[in-house]
Amino acid sequence: MADLKLNKLKKSFGPVDVIHSVDLEINSGEFVVFVGPSGCGKSTLLRLVAGLEEATSGQLVIGDRDVTHIEAADRGVAMVFQSYALYPHMTVRENMSFGLKMNKAPEEEIKARVAKAAKILELDALLDRTPKQLSGGQRQRVAIGRSIVREPKVFLFDEPLSNLDAELRVAMRVEIAKLHNDLDATMIYVTHDQVEAMTLADKIVVLRGGHIEQVGAPLHLYDDPDNIFVAGFIGSPSMNFLDAKVVKSSSGSLEITLPDYPGAVANIAITGDAPANGTALKLGIRPEHFDPAGDVKLTIRPSVVEHLGGASYIYAEAKTEAPLVIESREGRDVRIGTEQPVAFHSSQAYLFDAASGLRIR
């Protein structure tokens with residue numbers, strides 16, 4: 001295990017800046033997930049940590065050692081890729097031990113490390129099989145085992161579950177979480193799937209355009225997003241965003257209207273400086289926070305309803321880019337195309353500046 005620090009780390013490809021002067025601290029034993037949309041820089045940042053890309057500027061420290069300009073093989077990290085990258089002609093045992101043999105580790109030590117990793121990953125009975133005799137999940141466990149036998153200071157995972165089907169992804173997610181608990185190792189995991197991020201991470205790093213938008217525990221990001229991007233990215237289905245306008249501004253509270261929903265008024269408590277009357281805002285409300293007893297009343301026209309058993313998701317027509325999504329426990333009798341009332345509590349709404357996207361608290 002080891003702490004990891006990124007100080008003003010930057011990566012450019014020619015004139016294009018991909019990672020913009022990133023500062024980040026990861027504590028020993030933490031499970032940290034880099035998450036964000038495609039092209040946000042999360043895999044590039046992971047490759048910088050691994051040593052597969054050379055930093056343009058800045059510093060990378062693992063433990064008490066500056067590894068910024070040290071070769072990947074000497075950094076004390078091990079990486080699990082999206083593809084399993086197993087040697088097809090080798091057995092599981094041979095695949096897992098190959099790196100140690102190349103480093104000329106003693107034979108007894110190799111056997112002991114492979115046996116230990118196989119026991120952790122429940123691969124004992126599969127050690128003499130070749131990759132073609134394994135399922136996708138078993139192959140991924142072998143790829144992880146190949147990293148475990150190296151006993152690295154930091155484990156790196158680059159979207160390791162993206163090639164698996166939905167049911168197997170869930171099972172492997174549990175396996176990786178259990179592995180982290182068993183090894184108590186420092187792990188960095190890259191994914192575009194915010195559900196994976198929420199369920200696995202001790203700490204999430206939300207990236208956009210090569211910048212860190214926010215860092216925090218999963219529920220902290222969910223409950224207290226800093227901006228409209230984080231609020232919309234964390235949570236499934238995504239937070240709804242409605243156009244809003246300040247009609248009365250006073251110390252400690254704002255009275256706002258929702259222009260697309262005539263008669264809808266919300267009174268929202270704030271602690272910072274109040275924006276002026278007439279200021280354009282965005283109001284955020286999560287699908288699960290709709291409640292018939294709420295004080296903010298809307299009239300919607302459902303266009304699609306997804307019935308998932310315990311809950312239903314109502315997709316309503318809206319003047320925004322995305323439809324209004326409402327979670328309902330009583331959604332079995334919703335009629336498509338027919339107007340109906342819904343409501344939410346002002347206390348559960350979020351406010352964002354329409355121009356900057358920053359949270360108004």
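Q: Where is the place of K104?
A: K104 is in the loop between α2 and α3. Keep in mind that this is a predicted model.

Q: Buried or exposed, that K104?
A: Exposed: the relative accessible area of K104 is 72%.

Q: And what's phi doing at K104?
A: Phi of K104 is near 60°, which is positive in a residue that isn't glycine. Most residues other than glycine have a negative phi.

Q: Which other residue has a positive phi although it is not a glycine?
A: E159 is one of them, with a phi of about 45°. You'll find E159 in the loop between β7 (154–158) and α5.

Q: Is E159 buried or exposed?
A: E159 has a relative accessible area of 15%. The cut-off for buried is under 20%, so E159 counts as buried.

Q: OK, let's zoom out. How many helices and strands does the protein have?
A: Eight helices and 21 strands. The C-alpha trace spans about 75 × 45 × 35 Å along its principal axes.

Q: What share of the residues is buried?
A: Of the 361 residues in the protein, 48% are buried.

Q: And what share of the contacts comes from residues 24 or more positions apart?
A: Counting contacts with a separation of 6 or more, 66% are between residues 24 or more positions apart.

Q: Let's talk about α5. How many residues has it, and how far does it reach?
A: Helix α5 runs over residues 166–183, so to speak 18 residues, and reaches 26 Å from its first C-alpha to its last. That's close to the 26 Å expected at 1.5 Å a residue.

Q: Which residues of α5 are buried?
A: R169, M172, R173, I176, L179 and H180. They sit on the same side of α5, because they cover an arc of only 125° around the axis.

Q: What's on the face turned away from that buried side?
A: That face of α5 carries the exposed residues E167, V174 and N181.

Q: What covers the buried residues of α5?
A: The cover includes the strands β3 (31–35) and β8 (186–191), along with the helices α3 (107–120), α4 (136–148) and α6 (194–200).

Q: And what follows α5?
A: D184 does, and its phi is positive, near 50°.

Q: Now the inside. Which residues of the largest nonpolar core touch the most other members?
A: M96, I144, Y189 and V206, in a core of 45 residues. The element that gives the most to this core is α3, with five residues.

Q: What is I144 in contact with?
A: Skipping neighbours within four places in sequence, I144 is in contact with V80, L121, F157, M172, I176 and L179. M172, I176 and L179 are also among the buried residues of α5.

Q: What other core lies apart from the largest one?
A: There's another core of 29 residues, and its members include A244, I270, I300 and L324.

Q: Switching to N95. Where is N95 found, and is it buried or exposed?
A: N95 is found in helix α2 (residues 92–102). N95 is buried, at 1% relative accessible area.

Q: What does the side chain of N95 reach?
A: The backbone oxygen of M90, at 3.3 Å. Leaving out residues up to four places away in sequence, N95 touches L86, Y87, M90, P131, V142 and R146.

Q: Where is G36 found, and what does G36 touch?
A: G36 is found in the loop between β3 and α1 (42–50). Not counting residues up to four places away in sequence, G36 touches K42, T191, H192, L207 and F233. G36 counts as buried, at 0% relative accessibility.

Q: Which peptide bond is cis?
A: The one from S236 to P237 is, with omega near -5°. P237 is in the loop between α8 (228–233) and β11 (240–250). Most peptide bonds are trans.

Q: Last topic: what order do the strands take in the open sheet of six?
A: The order is β13-β12-β11-β14-β20-β21, with antiparallel pairing. The edge strands are β13 (265–269) and β21 (359–360), and each pairs on one side only.

Q: How many bridges are there between β12 and β13?
A: Five, in the antiparallel sense, with β12 covering residues 253–257. S253 stands opposite A269 in β13.

Key: Residues are numbered from 1 along each chain as its sequence is written. This is a predicted model: local features need pLDDT of at least 70, side-chain atom pairs count only at pLDDT 80 or more; totals for chains, interfaces and linings use all residues. Side-chain values use heavy atoms; hydrogens and water are left out. Helices (H or I, at least four residues) and strands (E, at least two) are DSSP runs, numbered from the N terminus. The expected span of a helix is 1.5 Å times one less than its number of residues. Buried means under 20% relative accessible area, exposed over 50%, partly exposed in between (1.4 Å probe, protein chains only). The arc is that of the directions from the helix axis to the C-beta atoms. Contact means heavy atoms within 4.5 Å. A nonpolar core is a set of buried Ala, Val, Leu, Ile, Met, Phe, Trp, Tyr and Cys residues joined through side-chain atoms within 4.5 Å. Two strands pair if DSSP finds at least two bridges between them. A polar contact is a pair of N or O atoms within 3.5 Å; within protein, one must be able to donate a hydrogen and the other to accept it, and residues adjacent in sequence count only if both atoms are side-chain atoms.
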